Amino acid sequence: MRLDLFSDVADLTAAIVDIESVSGAEGPLADAVEEALRALPHLAVERDGNNVIARTDLGRAERVVLAGHLDTVPLNGNLPSRMEGDRLYGCGTTDMKSGVAVALRLAATVTEPTRDITFVFYECEEIEAERNGLRRLAAARPELLAGDFAVLMEPTGAHIEGGCQGTLRVEVTAKGERAHSARAWMGSNAIHTAGRILDVLRAYEPARPVVDGLEYHEGLNAVFIQGGVAGNVIPDECVVTVNYRFAPDKSLAEAEAYVREVFDGYDVKVTDAASAARPGLTHPAAAAFVSSVASGGTEVRAKLGWTDVARFSELGVPAVNYGPGEPTLAHTKDEYVEMPLIADCERRMRAWLC
């Protein structure tokens with residue numbers, strides 16, 4: 001399986017899509033990407049597991065990082081790819097093999113960029129964080145991700161989405177006292193008490209802070225509820241799992257402190273957490289990217305969700321999400337990408353880099 005990086009970007013996208021790469025099985029696609037990049041004399045290429053890193057080293061004043069994951073969610077009867085009009089259907093078309101195709105085309109054809117470029121193609125983004133290839137590189141080889149600015153080729157519908165929200169998941173526990181349901185007054189029903197937790201959530205008014213000129217929209221929501229012992233027992237415990245999506249004006253510690261304040265008086269246990277990322281649009285490299293790319297109807301907006309840009313933020317590298325895929329189609333059976341958007345993304349990024 002070989003990739004022609006000099007073919008039309010739409011054809012290259014189809015070729016990449018047709019190399020199956022469900023998380024954990026990216027080897028064949030990583031092999032094809034590595035082989036194609038090693039044939040380019042202007043790039044230095046490294047392989048780390050199924051991560052492939054390629055770099056220019058021209059001594060430019062700035063270095064930017066273009067990153068994209070190689071894996072997809074499991075197949076759903078949606079391979080091989082197929083064309084219908086201007087749409088390419090298939091697993092990973094929008095998330096995010098069309099973005100990978102744009103980055104690979106740029107790697108092959110932009111031989112003397114005005115900024116040095118690091119291209120990072122990584123594994124296991126769609127599964128548990130412990131296996132994420134970008135996470136592993138950030139921990140073990142952070143020098144490979146160093147730069148003044150980064151673009152993660154996540155699907156954004158060809159709009160620029162700055163930074164990302166953080167996410168915090170907590171278990172809020174309401175306590176009670178067990179009793180026989182025939183003599184309920186002898187106990188205290190924890191499920192009833194949990195209603196007060198839900199009242200707090202219903203009354204919550206989302207904050208909409210502006211960070212680096214972009215408006216984020218926070219969220220505090222119950223996502224699970226668990227309680228009960230038996231059909232004839234008054235329960236002594238009810239646990240409400242709450243997810244807090246917070247803007248990048250808060251650190252992880254500040255987000256946790258906020259949630260504990262909201263649920264003061266209850267036992268609050270953090271079960272999962274990931275930091276937010278500031279878009280850093282005031283940095284000269286970021287400003288140049290926005291100036292070059294944001295035109296002709298392209299929006300610059302906040303990323304309402306968590307992405308791997310947070311890993312760059314933790315390394316001190318401002319980052320945005322930008323790719324041709326449509327995010328609302330990600331992980332669906334009928335996932336597709338609009339071919340004109342792929343070509344448009346390539347054109348705009350080429351103008352920024354040349």
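**Note on the sheet and salt bridges**

1. Eight strands form an open sheet with mixed pairing, in the order 1-2-6-3-7-18-8-17 (strands are DSSP E runs of at least two residues, helices H or I runs of at least four, numbered from the N terminus; pairing needs at least two DSSP bridges between two strands). Strand 1 (44–48) and strand 17 (300–302) are the edges; each has a single partner strand, so one side of each lacks a neighbour in the sheet. From one strand to the next the twist averages 25°.

2. The model is predicted: local features need pLDDT of at least 70, side-chain atom pairs count only at pLDDT 80 or more, and totals for chains, interfaces and linings use all residues. Residues are numbered from 1 along each chain as its sequence is written, and side-chain values use heavy atoms, with hydrogens and water left out.

3. Strand 3 (residues 63–69) pairs with strand 7 (residues 149–152) in the parallel sense over four bridges. Ala67 has Leu152 as its bridge partner in strand 7.

4. By the rule used (a side-chain nitrogen of Lys or Arg within 4 Å of a carboxyl oxygen of Asp or Glu), there are 29 salt bridges. One joins Glu62 and Arg115, with the closest N and O atoms 2.9 Å apart. Glu62 lies in the loop between strand 2 (51–55) and strand 3, and Arg115 in the loop between helix 3 and strand 6, so the pair ties together parts 53 residues apart in sequence. Both Glu62 and Arg115 are buried (under 20% relative accessible area; exposed is over 50%, partly exposed in between; 1.4 Å probe, protein chains only).

5. Glu123 and Arg136 also form a salt bridge (2.8 Å, N to O). Glu123 is buried at 9% relative accessibility, whereas Arg136 is partly exposed at 31%.

Technical notes: Axes fitted to C-alpha atoms, helices over the stretch in contact; angles between N-to-C directions.
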